[in-house]
Amino acid sequence: MRNDAAATVGRVDMRIWFGFRRLPFSQEVKADEMFLRPCMEEVCDRVAFAAQQGLMFAVIGDVGAGKSTALRYTFSRLPKKQYSVLQMTGGSWSFTELLRSCSNSMNVYTRTSQQTMMLKQIADGYASIRESGATPLLFIDEAHLFQQDVFRQLHLLAQPFPTSRVVPVVMCGQESLIDKLSDPFCKPLMSRIIDGYNIHAMGIEEYRNYMKHQ
């Protein structure tokens, strides 16, 4: 009987079957329709401060704790004309691969693998964004997946050349991100991280409210 019901739901729109106004648990929930957790407001305020100061900010948490959702909400609250958010999703990359991803996020495509040349192109991309009146802001999701060497050079992505202005960076990842940032060779990067936030999974009462919201 249960299998028959499941098969029926599969053939009929879930909204009709259960009487929902819309499909629940969408991956593309608009910011103003999100279930607003207290931690999301705190992350939003801290990221806004880090962006104003041209510094770095790190958000960590377990899988499914809501890190990416909190940051999507945060970026939706930043003034659109003031910031241009360049989004990247990490992997087991080298620093050269990260530079290429950053260039691609600005629609700057290059075949070179020379890091100095790539950093120059990225600096030019930042300058172009600033000429439009906005501040570039780097958002790196799943940053814990990077190879350790990436964190030893990541500060160069925020300031490609000593004479260029610093670009704020927001990193998001699982708790192993802290271990990688704690490497003694990562001091240039850690000196620019103003703050961090550990997002925890919902408690039972908060989860009940989340279900009601959905």
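Rings of Phe, Tyr and Trp (its six-membered ring) are taken to pair if their centres lie within 6.5 Å, with planes under 30 degrees apart counted as stacked, over 60 as edge-to-face and the rest as tilted. By this criterion the structure, which is a predicted model, holds five aromatic pairs. One of them is formed by phenylalanine 35 and tyrosine 210, whose rings are arranged edge-to-face at 5.7 Å centre to centre, with 75° between the planes. This pair links distant parts of the chain, since phenylalanine 35 belongs to the loop between α2 (14-18) and α3 whereas tyrosine 210 belongs to helix α11 (residues 204-213), 175 residues apart; helices (H or I, at least four residues) and strands (E, at least two) are DSSP runs, numbered from the N terminus. With buried meaning under 20% relative accessible area, exposed over 50%, and partly exposed in between (1.4 Å probe, protein chains only), phenylalanine 35 is buried at 17%, while tyrosine 210 is partly exposed at 21%. Ring pairs also join Phe35, Tyr207 and Tyr210 into a cluster.

Residues are numbered from 1 along each chain as its sequence is written, and side-chain values use heavy atoms, with hydrogens and water left out. In this predicted model, local features need pLDDT of at least 70 and side-chain atom pairs count only at pLDDT 80 or more, whereas totals for chains, interfaces and linings use all residues.

Five strands form an open sheet with parallel pairing, in the order β2-β3-β4-β1-β5, where two strands pair if DSSP finds at least two bridges between them. Within β4, valine 169 is the bridge partner of methionine 56 and methionine 171 is that of alanine 58, while on β5 tyrosine 197 stands opposite valine 59. Six of the six residues of β1 are buried, so this strand is largely enclosed by the rest of the structure; Met56, Ala58 and Ile60 cover one side, and Phe57, Val59 and Gly61 the other, all of them buried.

Helix α3 (residues 38-53) lies across β1, β2, β3 (135-141), β4 and β5, and runs at about 165° to β5; axes are lines fitted to C-alpha atoms, for helices over the stretch in contact, and angles run from 0 to 180 degrees between N-to-C directions. Helix α5 (residues 95-105) also packs on the sheet, touching β2 and β3, with its direction at about 140° to that of β2. Tyrosine 197, in strand β5, counts as buried at 15% relative accessibility. Leaving aside neighbours within four places in sequence, tyrosine 197 is in contact (heavy atoms within 4.5 Å) with residues including Cys39, Glu42, Val43 and Arg46, as well as Phe57 and Val59.

A nonpolar core is a set of buried Ala, Val, Leu, Ile, Met, Phe, Trp, Tyr and Cys residues joined through side-chain atoms within 4.5 Å. The largest such core has 33 residues, of which Leu98, Tyr126, Leu138, Phe151, Leu157 and Met171 touch the most other members, and its largest share, five residues, comes from helix α6 (residues 115-131). A second, separate core of 24 residues includes Ala65, Leu71, Tyr73 and Ile199.
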